[in-house]
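This report describes selected local features of one protein structure. The sequence and the model are shown first.

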Amino acid sequence: EFSFLIDLELFIRSFAQGIWGISHQRLGPLPNLWQHREALRRLELNWQAFDDEGMACLVECCPGLEVLLLDRAEYWTDSTVQRIVTSLPSLEHFRLRASSMLSDQSLYELQQAPHRLQILEIEPSYAMSTYMMDQLKASMAGPSGDHVPSSFSSFIAAQLFGLASPERTSPAQLWVLKPLDEDSPAMT
């Protein structure tokens with residue numbers, strides 16, 4: 001288990017950045033740090049942000065992660081969410097915040113984590129549609145007996161032609177998070 005949490009009140013973070021030089025860190029690949037960490041099961045970071053290459057390195061070196069709680073993902077693209085979903089088979093609890101570059105493709109990829117993602121905490125980006133958030137909520141709510149399309153494009157085609165929506169076979173919790181400078185997370 002590894003947590004690196006900086007405990008600063010939101011209203012003094014900008015002050016701390018200016019006075020003490022504390023700044024957000026963008027983390028690229030750190031193979032020397034993550035190498036031989038196959039036993040790592042839980043990782044929680046609230047001040048640093050991995051970019052796509054940093055997450056690729058982390059996922060490759062720590063395939064046994066069960067809990068991944070990240071408060072910053074502003075350097076990610078949709079391919080990083082796909083990599084997490086496909087490369088972390090034991091992932092049960094995932095937090096994704098401050099993800100301004102992510103789109104509906106990421107929400108679709110999160111629907112593809114069958115039977116294992118029990119808690120998903122997500123702060124939607126401006127590029128994520130209400131429709132896809134509703135689809136994610138429905139897929140996490142439980143089984144619907146529908147077929148899961150094999151790709152995002154087949155999902156869109158299925159929606160256009162009125163076919164079935166994705167399914168989950170077990171209920172899970174979805175927390176839709178407000179930005180950190182607003183009130184506490186709202187669980188839906």
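This is a predicted model: local features need pLDDT of at least 70, side-chain atom pairs count only at pLDDT 80 or more; totals for chains, interfaces and linings use all residues.

## Packing of helix 4 and helix 5

Two packed helices are described by the angle between their axes and the distance between the axes. Helix 4, spanning residues 78-87, packs with helix 5 at an angle of about 5 degrees, and the two axes are 8 Å apart. Because angles under 35 degrees count as roughly parallel, helix 4 and helix 5 are described as roughly parallel to each other.

On the side of helix 4, the contact involves Asp78, Val81, Gln82 and Val85. Their counterparts in helix 5 are Gln105, Ser106, Glu109 and Leu110. By class, this contact between helix 4 and helix 5 comprises three nonpolar, three polar and two charged residues.

## Arginine 95 in strand 6

Arginine 95 belongs to strand 6, which covers residues 93-96. Its relative accessible area is 13%, and since buried means under 20%, arginine 95 is classed as buried.

The side chain of arginine 95 makes a polar contact with the side chain of glutamate 121, at 2.9 Å. When neighbours within four places in sequence are set aside, Glu121 is one of the residues in contact with arginine 95.

## Glycine 54 in helix 3

Helix 3 (residues 52-61) contains glycine 54. The relative accessibility of glycine 54 is 0%, so this residue counts as buried. Its C-alpha atom is separated by 8.8 Å from that of proline 31, a residue 23 residues apart from glycine 54 along the chain.

## Positive phi at histidine 36 and alanine 98

Which residues other than glycine have a positive phi here? One is histidine 36, with phi near 65 degrees. Histidine 36 is located in the loop between helix 2 (31-34) and strand 3 (42-45). With a relative accessible area of 63%, histidine 36 is exposed, because the cut-off for that class is over 50%.

Alanine 98 is another such residue, with a phi of about 50 degrees. The loop that holds alanine 98 runs between strand 6 and helix 5 (104-111). Alanine 98 has a relative accessible area of 25% and is therefore partly exposed.

Note on methods
Residues are numbered from 1 along each chain as its sequence is written. Side-chain values use heavy atoms; hydrogens and water are left out. Helices (H or I, at least four residues) and strands (E, at least two) are DSSP runs, numbered from the N terminus. Buried means under 20% relative accessible area, exposed over 50%, partly exposed in between (1.4 Å probe, protein chains only). A polar contact is a pair of N or O atoms within 3.5 Å; within protein, one must be able to donate a hydrogen and the other to accept it, and residues adjacent in sequence count only if both atoms are side-chain atoms. Contact means heavy atoms within 4.5 Å. Axes are lines fitted to C-alpha atoms, for helices over the stretch in contact, and angles run from 0 to 180 degrees between N-to-C directions. Angles under 35 degrees count as roughly parallel, over 145 as roughly antiparallel, 65 to 115 as roughly perpendicular and the rest as oblique. Ala, Val, Leu, Ile, Met, Phe, Trp, Tyr, Cys and Pro count as nonpolar, Asp, Glu, Lys and Arg as charged, and the others, Gly among them, as polar.
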